[in-house]
Amino acid sequence: MRKSDPSRTRRIVTRSSRRGLTLLESLIATTILSVVVLAVAAALNASQKLAYEGRQRVMGVNAADDMMVELMTVPYAELKTYNGLTQAPGAMATIDGTAYPETYTNIGRSVEVVAENITEPGMGITVAGVMITVRADDGDHTLAELSAFRPEPQS
Amino acid sequence: MMRPSRKTSRRGLTLVELLLAISITVILGTAVATVLTAAARSMTVSRNTQSAVQRAHALQSRFRAYTDPAMCLLDYREGEGIVLWLEDPNADTRVSLSEVRIFWVHADEGTVTVERADFPADWDVDTLATFDILLSPGADFFAEMQALRALGYTKTETIADGVANAELTWDGLTLREQPRAVVRVTLQIDDDSTQQTIACLGMPNHTEPQ
């Protein structure tokens, strides 16, 4: 019986492990790499989109809050003239006409002023006034909606 | 029979194959690196913008915490600050130093601070009246607060940082007549870029001082 030479066996194994990749192996590796890169890119894209939406909402709240603050300083008798006021995205300005900076280009807002009486059942008091609602939007979706009641001043 | 097969499998890459493999690897690597670099840059811009928006929101809220209950904006000096008449506890429509808040704009430090009179709690009425002086409408509120600061009787808090500039605008002739005004703020995003924002300030209890 012929004895096997241990050094020869080792050489064959070593040489065999040095062989290159087959086309199929390369294709599989490339496919896996592509899938991973695409998955990472998709995740980054989704994260960017969420961050953008978050920013838009914060800016929407800022814009709506700004308008509400201004309306609280308008004489009560003039408030109803602001009902239906609409500022399209890119055309926002303060009541006094100061244009909003470029940062707010994608945000618009609208105002609703409705006469309303609020009754306090426990005390039996009815307060007359107006309900002011300010909505900020991006043209398609509402980003923020704020409402506040302003009582009619007592003469 | 086994030998030729083994020899074939042991064959190395030819120069063309090697060059082709290197070229493909380089092209793929460059493409991946470009995509990742662009993504990283985009993430940085997004994060900075997000931060600026949050800071703008915080700045708006902090200004409003003072202006919503305030009586009147008394003075404004571009590049220096805004004087606010915060309250009138005596209901005498006259301004004393302790009723005033000054928003200082420190463009060099990039901060906005608010300063107020801060007298020791154990002072008697006469001592307090000596320092908490009534100010005429034409008084230099900035100088009065600085004089009080020199004596150590003011307190300052920072309400915003990363501010490159802040200016106040209003409609009409005089600031004091206006129940509302607009602060236009330039926020520093990074070393090279800034972002503009505005905050509307309104005073529903607006009252002009005597």
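In this predicted model, the side chains of R64(B) and D66(A) form a salt bridge, with 2.3 Å from N to O; the term denotes a side-chain nitrogen of Lys or Arg within 4 Å of a carboxyl oxygen of Asp or Glu. Between chain A and chain B, the count of salt bridges is 3. Across the interface of these chains, 14 residue pairs, both at pLDDT 80 or more, are in polar contact, that is, they have a pair of N or O atoms within 3.5 Å, of which, within protein, one must be able to donate a hydrogen and the other to accept it, while residues adjacent in sequence count only if both atoms are side-chain atoms.

On the side of chain A that touches chain B, two or more residues each are given by α1 (6-17) and α2 (23-71) of chain A, helices being DSSP runs of H or I with at least four residues, numbered from the N terminus. The largest share of this side, 17 residues, comes from α2(A).

In total, 33 residues of chain A are in contact (heavy atoms within 4.5 Å) with 35 residues of chain B. The two chains bury about 2,900 Å² between them, 60% of it on carbon and sulfur atoms, where buried area is the accessible area (1.4 Å probe) lost by two parts on being put together, summed over both.

Residues are numbered from 1 along each chain as its sequence is written, and chains are lettered from A in the order in which they are written. Local features need pLDDT of at least 70 and side-chain atom pairs count only at pLDDT 80 or more, whereas totals for chains, interfaces and linings use all residues, and side-chain values use heavy atoms, with hydrogens and water left out.
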